[in-house]
Amino acid sequence: MLLEMILNGKSVSVEIEPGDLLVQVLRERLGLIGTKIACGEGECGACTVLVDGVAVTSCIYPAMKAHGRRVETIEGVAQDHELHTIQQAFVDHAASQCGYCTPGFIMSAKALLDVNPQPTRDEIVAGISGNLCRCTGYYQIVDAIEDAARRMGEGR
Amino acid sequence: MQLKAVGQGVQRVDIRQKVRGTRKYPQDFNMEGQLYAKVVWSAHPHAVVKRIDTSAAEAVPGVVRVITYRDVPVNEYGINVHDQPVLIAEGDKVRWVGDRIAIVVAETERIAAHARDLVQVEYELLPVVDDPRQAMKPGAPLVHEDRESNILKHIVIRRGDVEQAFAQADVIVEGYYTTHHVEHAYLQPDAALGFVDDEGRIAVISSCQWPADDLHQIAHMLDLPEDQLREIVPTVGGAFGGREDMYIQHLAALCAFVLRRPVKIVFDREEVTQRTGKRHPFYMRHRTGATRDGRIVAAQVELISDAGAYASTSIPVLGNAASFALGPYKIPHARVDAYTVYTNNAVTMAMRGFGATQPPFGYESQMDKLAEALGMDPVELRLQNLLDVGDIAVTGNVMTAETGAKETLRQAALAAGWREEDGHWIKPDLGTPSAPYKRRGIGVAIAYKNVGYSLGYDDKTTAKVELSLAESGEIARVLVKVAAVEVGQGVLTALAQIAADTLGVDVDKVRLALVDTTETPDAGSSSASRHVFISGNAVARAAAQAKEKWQAILRDETGEMHVEAEYTFHGRSVRPTTPFDPETGQCEPHISYSYAAQVALVEVDVETGQTEILKFWAAADAGKVINPIMYFGQQAGGVHMGVGYALTENYIQQEGRPRARRFSEYHIPTVMDMPHEFESIAVESAPDPNGPFGATGLGETPTLPTAPAITNAIHDATGVWIESLPANAERVWRALRAAHKL
């Protein structure tokens with residue numbers, strides 16, 4: 001069957017099999033390896049992508065559900081050579097160590113800031129509470145998102 | 001030497017690619033014509049495999065081969081001892097649920113997964129040994145039938161006259177403390193891609209911690225010389241000790257060896273959780289005696305650790321645990337008996353702390369019990385007894401320059417609000433609990449750990465430094481070749497900083513080569529908090545030699561454009577360590593040390609037993625801080641793992657069968673479980689003159705005191721002692737009910 005979606009701003013058509021998960025289509029058929037599989041049960045958020053602006057865990061998301069929708073992955077976040085403000089804040093706050101959870105955190109942060117550009121610290125914590133990190137202790141990630149919101153606010 | 005990079009918050013060298021999602025982990029690699037493999041795991045924790053029937057699986061279209069024990073040239077491996085079969089043979093035993101029966105290789109992952117369920121295995125069940133305390137008794141069923149007993153190792157330490165000293169103590173406190181199995185829970189599931197490279201070598205792209213040791217084991221398994229093998233280590237998504245043993249790379253290498261085609265294996269989370277090693281549970285029986293004025297006169301402890309089905313590194317883990325069993329204290333009369341015992345539970349192995357993580361729960365609970373019995377402040381009691389430079393440890397060694405225990409505790413306590421008046425320490429006012437059914441408490445703990453491999457092991461790293469010179473003769477680029485695996489801890493950045501300042505170049509001119517056993521020399525394992533100290537010394541010395549050669553080129557105007565230098569640094573060149581004396585345990589155990597002292601301010605809901613951490617202070621002395629940003633990362637990340645150890649994580653097995661499969665059933669702390677406020681304190685009071693720029697190592701120490709700091713705070717809040725980890729809501733609730741006879 002044919003899955004058609006707007007992937008990172010471009011129309012994409014891809015032949016898939018029934019039962020394919022969105023993460024499999026992204027990684028295996030489209031070569032977008034930035035979306036990570038860590039738990040396979042929608043528990044850790046490493047596979048987070050945005051579908052019509054909403055953060056979803058693509059490891060349990062049937063690929064066909066994305067048909068006709070806008071899908072955004074980590075590969076679509078940076079503008080060419082420029083890092084997105086959220087990515088730059090993650091760099092500046094050392095909010096990535098092993099890095100395996102990082103794309104998922106950045107997508108969750110983007111979903112949050114796209115709808116709530118000036119979140120409180122508690123709202124940031126709630127916004128990433130579905131993402132697991134085993135390395136950082138999370139403080140740097142919360143700091144980075146807080147800082148990104150501030151910088152994006154100044155840029156507006 | 002002018003420091004421009006060392007001590008600065010230099011940006012991680014890998015972070016820009018990590019935030020873009022372009023950094024490739026082993027599962028991100030694919031090759032033309034690759035096959036996919038799935039492992040057939042043992043269905044039982046202890047059984048004889050009577051028959052293996054692969055015919056139904058082989059008949060599935062798309063299945064290329066079912067690999068069994070018959071395909072393994074030398075069917076054994078293991079990090080210290082080759083005591084694990086690669087694939088279980090008919091007539092042999094499975095000893096835990098992580099043993100492997102066969103590997104199904106197919107054209108697609110789905111076919112391989114389908115076909116593995118069709119491999120028929122006939123078992124004859126054997127009695128399961130699931131408690132090391134029972135397993136060590138005479139007559140217990142043997143996990144390894146060729147041994148006389150399940151006791152893998154017994155270590156003793158004897159110092160002074162313990163019986164006489166206890167007789168003279170004014171106060172004696174006792175406790176029986178137990179810790180649990182813990183999963184490393186690195187986010188990146190194990191993955192490997194085996195292939196035959198252009199020069200005919202059996203090669204594997206994999207996540208690991210020690211490529212040279214993997215190669216050593218794979219060479220034995222395939223009966224091939226190491227120069228016909230190769231391991232490439234791209235980005236690794238966390239390790240924490242869990243990738244020090246091989247769980248996947250040898251299987252991928254075996255598949256490539258048998259089939260001469262690329263074969264990819266990726267574990268799912270259930271396999272990572274149930275079929276790979278864990279942190280050792282310990283059972284610790286303590287007795288501590290002190291004088292009325294708070295001087296420890298005697299201490300003894302019996303430690304029993306659960307080694308699981310195979311030895312892995314259980315013996316060196318036990319060695320560490322024995323040496324740290326009684327804490328960083330002056331104890332003139334001491335007795336330690338430490339055992340590690342085979343069972344049919346999960347293999348237990350290295351995990352952040354390597355035997356130094358479990359003992360603090362025992363010795364720091366004892367210190368708070370002692371403080372309460374004496375009516376003394378817990379900080380004051382500890383400061384009175386902590387080791388200082390020149391003091392003698394229970395293993396008889398003299399504590400050296402990097403002994404930062406007292407200052408680390410002092411700074412943690414002061415930050416948390418303790419004050420010192422007339423030589424006495426007074427704990428801070430904790431404020432009012434946020435609800436009538438909540439109680440506040442504050443707890444402190446200190447712990448220490450070795451840096452580098454201990455007890456006579458030759459810990460070493462070889463590093464190569466290559467300089468490319470510009471026309472002007474200046475250093476244009478620096479390439480460092482050293483097989484130090486970046487697992488997230490920041491070793492690539494730290495070594496680049498050390499190389500940059502040694503050479504006097506900007507850090508962005510330094511690049512670390514991709515770890516590939518054909519290119520990068522052995523740097524040992526990413527473990528034991530050792531890379532900054534051991535590999536840092538190797539890089540610094542290789543860089544210093546390269547600099548001398550470069551200066552000679554400039555002086556002699558030879559016009560050469562390339563400089564190379566190589567240096568092998570041995571830990572023993574700065575401090576030779578020795579094994580335990582078999583009768584007394586006296587020895588020089590460790591190359592260097594680091595210290596961590598932590599304070600937890602908690603609120604316990606006495607109706608549910610739930611503990612919330614309001615604020616946490618983490619002080620650590622690891623000598624000179626190489627990179628303050630990454631130092632914070634180790635502190636906060638270490639405390640994260642300590643919070644999980646203390647409150648939320650528990651890998652439960654019943655008769656050798658694990659209960660948890662995935663993160664929904666094994667709870668590592670989320671952002672909401674972390675202390676609401678967190679303060680990291682870099683002490684830097686006790687640099688090690690042997691470390692590069694005075695640094696020791698910080699990778700593990702911040703995890704060690706977290707659990708006892710929290711349980712001591714729970715005691716302060718509620719009056720109950722929690723003697724078994726984790727101190728989850730149920731356990732605290734039960735303890736409260738028992739204490740109040742409800």
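**Core, interface, domains**

Mentor: Leaving aside neighbours within four places in sequence, L495(B) is in contact with V480(B), V482(B), A484(B), L512(B), S535(B), G536(B) and V539(B). Contact means C-beta atoms, placed from the backbone, within 7 Å. This is a predicted model: local features need pLDDT of at least 70, side-chain atom pairs count only at pLDDT 80 or more, and totals for chains, interfaces and linings use all residues. Residues are numbered from 1 along each chain as its sequence is written, and chains are lettered from A and ligands numbered from 1 in the order written.

Trainee: How many residues does the largest nonpolar core have?

Mentor: 308. L495(B) and V539(B) are among those with the most contacts inside that core. A nonpolar core is a set of buried Ala, Val, Leu, Ile, Met, Phe, Trp, Tyr and Cys residues joined through C-beta atoms within 7 Å. Buried means 20 or more other C-beta atoms within 10 Å of the residue's own.

Trainee: Switching to the interface. How many residues of chain B are in contact with chain A?

Mentor: 43, against 38 residues of chain A.

Trainee: Which element gives the most on the chain B side?

Mentor: α15(B), with seven residues. Helices are DSSP runs (H or I, at least four residues), numbered from the N terminus. α1 (15–20) of chain B also gives two or more.

Trainee: And how is chain A divided?

Mentor: Into domain 1 (2–76) and domain 2 (85–155), with bounds from an automatic or database domain assignment. Their centres, taken over C-alpha atoms, are 21 Å apart. The contact takes 15 residues from domain 1 of chain A and 13 from domain 2 of chain A.

Conventions:
Two residues are in contact if their C-beta atoms, placed from the backbone, lie within 7 Å. A residue is buried if 20 or more other C-beta atoms lie within 10 Å of its own, exposed if 12 or fewer, and partly exposed in between; C-beta atoms are placed from the backbone.
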